[in-house]
Amino acid sequence: MNIVTSGEPLVVGTTTDDADVIVVGAGPAGSSAAFHCASAGLDVLLLEKAAFPRDKVCGDGLTPRAVAELVRMGLPLREQDGWIRNRGLRVLGGGHRLELPWPELSSYPSYGLAKSRMSLDHTLASHARAAGAKLVERTSVTGPVRDERTRRVVGVTARPVDDSGHRTGDEVVYRAPVVIAADGVSTRLATSAGRTKRDDRPMGVAVRTYFRTPRHDDPWMESHLELWDGEPGRSNLMPGYGWIFSLGDGTANVGLGSVSSTAAATKVDYKALFAAWMRNAPAEWEFTPENQVGPVRGAALPMGFNRGPLYGDGLMLAGDSAGMISPFNGEGIAYGLQAGRVAADAIAQGLARGTAAGRERAFATYQRRMKDDLGGYYTLGRVFVRLIEHPEVMRVCTRYGLPRPLLMKFVLKLLSDCYEPRGGDMVDRVIAGLARIAPAA
């Protein structure tokens, strides 16, 4: 590959390059980027540490915003392909039980989906491969490769991984004009490249497992705003919120989480909280040890663009590696899918430029577009987190807010990020206006 100064002709895709773009991590963000790059005619190398199918800690629920991205990718979203549709969100708290349908919008479909990450990630990676991306599994990326003169990232080093997840064999070098780090929360590639996380951004924690249950085909995503260590309303209120997302295959994803306005570590034993919640679950749900499928597993949820820049010196960050999880609801899949699409467009445009300066200007549009679309919304989310992390505030909001239909319509659209960005009804215009005037994250 020839690295040139800004005024000289740009030469990419030479015999020294292994691809036009290297994508590290085949989760939703990485597979989306690989798919859209390959669909644009680019030579894509998609590197994944594990072998599919593999699991990831997640709630497995997809909002209409995520569904819209899957539709853009041309994925078949039929029941026979393992998808289950949901009508909206069922909210329980403060003695109230509400069912809030997903809104009818021009921007997003009026339904959500659920699919286990074991299956979802495999589906997305296979879809990227079918589009022309080269998927290399059991390959652990060990660090960036930099040009000696410019210090620009021009590739990655990697080593094979055995069945136990341990690195083995000789280190390999892969080169490309641009690299996307989509390697999740730990994001070793971004860290190795000097991209540090911001401690003033919200950080969530979630634990989940699966149960065989008669509730497996419930058409509503269920959210519990209050968690009790005994009989609801007559015992101790525990921190956090819970969810039950039905998967339609005889099981449901059941979990709980909490969020803090900063990245400071908490001393809460979330697995103990989960066990206490399950001990008092209604018997008809059948959330019993005998029906539990797999262990209770936990993960951190980096939020609100907690790592950046999103592009610089040949390296893009997408998905959890950039902290793209929403502070409002803990969802990251929708934003990972979006980031992959926007990154692919910036890369395709950049590689079509005739000079290094033109290429870099095009690549830089990725950060601008993501921040323009999500920056204000994430800033509102940081304010939201600072409020609800105080239990007394959350209790008042739950008790007095849930019975008010207009307020709950506003809350559903705000928390799910399902509102018309332009036009729409009064609620849409209020949320869009707030997001526009809020400082970008």
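1. Ground rules. This is a predicted model, so local features need pLDDT of at least 70 and side-chain atom pairs count only at pLDDT 80 or more, while totals for chains, interfaces and linings use all residues. Residues are numbered from 1 along each chain as its sequence is written, and side-chain values use heavy atoms, with hydrogens and water left out.

2. Overall build. I count 10 helices and 21 strands in the chain; these are DSSP runs numbered from the N terminus, helices being H or I with at least four residues and strands E with at least two. The C-alpha atoms fill a box of roughly 70 × 50 × 40 Å along the principal axes. The radius of gyration is 22 Å, which agrees with the value near 22 Å for a compact globule of 441 residues (taken over C-alpha atoms; the globule rule is 2.2 Å times the number of residues to the power 0.38).

3. Packing. Of the contacts with a separation of 6 or more, 71% join residues 24 or more positions apart (contact means heavy atoms within 4.5 Å). Of the 441 residues, 54% count as buried (under 20% relative accessible area; exposed is over 50%, partly exposed in between, with a 1.4 Å probe and protein chains only).

4. Surface. The chain exposes about 18,700 Å², with carbon and sulfur atoms supplying 52% of that area (Shrake-Rupley method, 1.4 Å probe; for residues, only the protein chains shown count as cover).

5. Cis prolines. The Phe52 to Pro53 peptide bond is cis, with omega near -5°, and Pro53 sits in the loop between strand 2 (44-47) and strand 3 (61-62). Another cis bond runs from Gly308 to Pro309, with omega near 5°; Pro309 is in the loop between strand 19 (292-302) and strand 20 (311-312).

6. Positive phi. Arg151 has phi near 65° despite not being glycine. Its loop links strand 9 (139-146) and strand 10 (153-160), and Arg151 is partly exposed at 47% relative accessibility. Asp417, also not a glycine, has phi near 60°; this residue lies between helix 9 (405-416) and helix 10 (426-437), in the loop, and is buried at 2%.
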